[in-house]
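The sequence and structure are shown first.

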Amino acid sequence: MENVKWGEYKLGDLFEINPTKYYRLQNEDIISSNGNVPLISNSSTENGVMGFSTLQPLNKGNTLTCSDTTLGADTMFYQQRDFIGYSHIQHLVPKFEPFNKAIATIIISACRVSTAKKYDYGNKFNRVEMNKTKIQLPTKNGKIDFEFINNFITELETERFKNMETYLVATGLKDYTLTLEEQQVLKNFGKEKFEEFNIIDIFDVKNTKNILSRDIVENSGNIPYLCASTENNAISSYIAYDEKYLDKGNCVFIGGKTFVVTYQENNFYSNDSHNLILNLRKEDEKNKLSQLYLATCINKSLGRKYSWGDSISNRKIQTDKVSLPVKNKQPNYALMRTFISAIQKLVIKEVVLYTDRKIADTQIVANPKV
């Protein structure tokens, strides 16, 4: 990267930027459980995909999308497939060739750097601003160096996939074969009996300590700083701080104001004393698998009860109940462990197979005779 030459390019010179085409219908009339056409929204997650539809796509893929209601390019994504737009989504169609995911990745990163902290609620990143946004791109002979971009992204992907392979082997996740017990649990799960238990009979409940966000230095350490976000397992940052504010991990954590339920494996700091810690009373079941299952049950049992205007609290949870699988009138922790283990394997299977394919493809490209 030290020898790379950079040039400045205006986004409007690289792309035709116009509003996406969309259906003037309600969401429930567009989104379908068996659809495969992406509906692109203003979200900054999931590649902007709000759901999938069986309707005809109205916008071409191998292009970019970006919301014009945001504070920058945090909602800019590469759309590989033809798609349906949503209100306030701009469609960036390249004026140049070639264009692919690798080139899109570099351009999106450059846009996010260029627009970071530049826009606010009174100055949105709308179509006019997009058109005049200037970005820095690798340049050769006065033109965008597409060859370098493609090679750089390929090398980066290869390194990441090799690291993933190493991680999967080291953690034992490479083995995704279901045991007979796991197969049986999945097969019979629909027949399992559930009963309600008082949450305070299953957990000891207490409030977290709290550190205000204005008092922390983001990315200053390696201890998770938790908030009430649904993203990144509720981890806002990793910080260094006074250990007297540290809360003990290996617990279920509930973001008090937003009712976000997660399992926290490690010790952590919390941003709000309204957040709750649920420590499992049954010590020999205080493991990751059981508590991942329990966190999901709590979310399902209480998720519709609490909201921002009626948030959970230590006082309210004292009378709440959670629905759990039972055996001999007691929570069936063995089933919980086995079920989560099986689900993890089913999920990781696709990751393992995808990683293996990518590594094999890389080896073929590097050694065509292999």
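pLDDT is the predictor's confidence in each residue, on a scale from 0 to 100. The model discussed here is predicted. The protein chain has a mean pLDDT of 88, and 93% of its residues reach 70 or more. Where pLDDT is low, the predicted coordinates should not be read in detail.

**Overall architecture**

The protein chain contains 10 helices and 19 strands. Its C-alpha trace spans about 75 × 55 × 50 Å along the principal axes. Of its 370 residues, 40% count as buried. Among contacts with a separation of 6 or more, 70% involve residues 24 or more positions apart. The chain exposes about 21500 Å², of which carbon and sulfur atoms supply 48%.

**Strands and sheets**

An open sheet is formed by 3 strands in the order S13-S12-S16, with mixed pairing. Strands S13 (235–239) and S16 (269–270) stand at the edges; each has a single partner strand, so one side of each is left without a neighbour in the sheet. Strand S12 (residues 223–226) runs parallel to S16, and 2 bridges join them. Tyr 225 stands opposite Tyr 269 in S16.

Strand S1 (residues 6–10) has two contrasting faces. Gly 7 and Tyr 9 make up the covered face, whereas Trp 6, Glu 8 and Lys 10 make up the uncovered one. S1 is joined by 5 bridges to strand S8 (residues 134–140), and the two run antiparallel. Gly 7, on the covered face of S1, stands opposite Leu 137 in S8.

**Aromatic pairs**

The structure holds 14 aromatic pairs. Two of them are set out below.

| Pair | Geometry | Centre to centre | Angle between planes |
|---|---|---|---|
| Tyr 119 and Phe 125 | tilted | 5.2 Å | 50 degrees |
| Phe 189 and Phe 194 | edge-to-face | 6.1 Å | 85 degrees |

The surroundings of these pairs can also be described. Tyr 119 and Phe 125 are both buried. Phe 189 counts as partly exposed because its relative accessibility is 24%, a value between the limits of 20% and 50%. Phe 194 is likewise partly exposed, with a relative accessible area of 36%.

Elsewhere, ring pairs link Phe 15, Tyr 78, Phe 96, Phe 99 and Phe 146 into a cluster. An aromatic ring also takes part in an arrangement with a charged residue: Arg 112 lies over the face of Phe 77, at 5.4 Å from the ring centre.

Which residues does Ser 290 touch, not counting residues up to four places away in sequence? They are Glu 285, Tyr 333, Met 336 and Arg 337. Ser 290 itself lies in helix H8, which covers residues 288–302. Ser 290 counts as buried because its relative accessibility is 0%, the cut-off for buried being under 20%.

Conventions. Residues are numbered from 1 along each chain as its sequence is written. This is a predicted model: local features need pLDDT of at least 70, side-chain atom pairs count only at pLDDT 80 or more; totals for chains, interfaces and linings use all residues. Side-chain values use heavy atoms; hydrogens and water are left out. Rings of Phe, Tyr and Trp (its six-membered ring) pair if their centres lie within 6.5 Å; planes under 30 degrees apart count as stacked, over 60 as edge-to-face and the rest as tilted. Buried means under 20% relative accessible area, exposed over 50%, partly exposed in between (1.4 Å probe, protein chains only). A charge sits over a ring if NZ of Lys or CZ of Arg is within 6 Å of the ring centre and within 35 degrees of the ring normal. Helices (H or I, at least four residues) and strands (E, at least two) are DSSP runs, numbered from the N terminus. Contact means heavy atoms within 4.5 Å. Accessible areas come from the Shrake-Rupley method with a 1.4 Å probe; for residues, only the protein chains shown count as cover. Two strands pair if DSSP finds at least two bridges between them.
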